[in-house]
Amino acid sequence: MDTLHFLLTDSFWAASLRIATPLIFGVLGALICERSGVLNLGIEGIFVAGAMAGWMAAWAGAGLWGGVLIAALAGGFFGLIHAILTVPLGLSQHVSGLGVTMLATSVSYFAYRTALPNVSSPPRIEPFRALDIPGLSDIPFFGPVLFQQTALTWLALVLVGVVWWVLARTPLGVAIRAVGDNPDAVDAQGLSVYALRIGAVVAGSAIMAIGGAFLSMSAFDSFFFGMVNGRGWISIALVIFASWRPGKALLGAILFGAFDAFQVRMQTQVGAFLPTQVFLMAPYVLSIFALVIAARRAEYPRALLKPWFKGQR
């Protein structure tokens, strides 16, 4: 009964939304890339680059929003590398993505060690604070869940609506979806397949990097090794769970956040009887189970992972 009561509390769902926030950024960025026909396995490294670049910029005096901008630019840079390798050159999207992950991670750690060679623990910054909105924050249940989050959580929620609107209601979104399904038809309309795909990968990678910046500038107040902890790979899985739809992507991210928040609670309840690792792996096991169910009915972008060259059929 105590567990059931905990699942209905505002503190549980507020924590779930906080945990889900970097995943929302990650899954939206991956969704944009894949809608254009490009799989971006560089997401894990882009998360690390965004976390390090945003924190470093804020620590150097650029301010919190300046750090977010720098993080997005860093993500866009690594996305551009991946896009050039996979779109006009047609190299393997799997190999290129993994290479970008290793490159972005290594460059981030090298930059950290170069900037702070003699520091045993990373300096702290003043992170984003919860937006305690008078009146709205006092609404039962929804007040603590929605109106006591940080600005980056609200940015993630707004981006869900923006990405949905762009993909579903604008000519640009139609072109992105079309180039992920039938690039020959897009080329026949006089649009540049290369420009659409490269632009989508760069934009998606920039959004991914903001998810990393959330970790070092909102969830925590510093950058440390291992803080991303596989969130990029979870975001890739959530895209499939969401069937490449922004609304379902939000739902999947919040469900994973709820699984993660619940395992922390269970550690305090029965942690004396079971190893800690059982609880730590539970959200991932449940996510795999949900992914297997959803993937059977998922409709993939038909040109995903397929290189395209102008003039070839």
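Visitor: Is Glu44 buried or exposed, and which side chain of opposite charge is nearest?
Guide: Glu44 is buried yet has no salt bridge, and the nearest side chain of opposite charge, Arg231, is 7.7 Å away. Buried means under 20% relative accessible area, exposed over 50%, partly exposed in between (1.4 Å probe, protein chains only). A salt bridge is a side-chain nitrogen of Lys or Arg within 4 Å of a carboxyl oxygen of Asp or Glu. Lys and Arg count as positive, Asp and Glu as negative; His and the chain ends are not counted.

Visitor: What kind of model is this?
Guide: It is a predicted model: local features need pLDDT of at least 70, side-chain atom pairs count only at pLDDT 80 or more, and totals for chains, interfaces and linings use all residues. Residues are numbered from 1 along each chain as its sequence is written, and side-chain values use heavy atoms, with hydrogens and water left out.

Visitor: Where is Glu44, and what does its side chain reach?
Guide: Glu44 sits in helix 3, residues 43–62. Helices are DSSP runs (H or I, at least four residues), numbered from the N terminus. The Glu44 side chain reaches the backbone nitrogen of Gly230 at 2.9 Å.

Visitor: Now Ser235. Which helix is that in?
Guide: Helix 11, residues 231–241, holds Ser235. Ser235 has a relative accessible area of 0%, so it is buried.

Visitor: What does the Ser235 side chain reach?
Guide: The backbone oxygen of Arg231, at 3.0 Å.

Visitor: New topic. How many salt bridges are there in the whole structure?
Guide: A search of the whole structure finds three. One of them joins Arg124 and Asp221, with the closest N and O atoms 2.7 Å apart. Arg124 lies in the loop between helix 5 (93–115) and helix 6 (142–146), and Asp221 in the loop between helix 10 (193–219) and helix 11, so the pair ties together parts 97 residues apart in sequence.

Visitor: Are those two buried or exposed?
Guide: Arg124 is exposed, at 62% relative accessibility. Asp221 is partly exposed, at 21%.

Visitor: What about Arg129 and Arg302? Which partners do they have?
Guide: Arg129 meets Glu126 in a salt bridge at 2.8 Å, N to O. Arg302 meets Asp181 at 4.0 Å, N to O. Arg302 lies in the segment after helix 13 (276–295) and Asp181 in helix 8 (residues 171–181), so this pair ties together parts 121 residues apart in sequence.

Definitions and conventions. Helices (H or I, at least four residues) and strands (E, at least two) are DSSP runs, numbered from the N terminus. A polar contact is a pair of N or O atoms within 3.5 Å; within protein, one must be able to donate a hydrogen and the other to accept it, and residues adjacent in sequence count only if both atoms are side-chain atoms.
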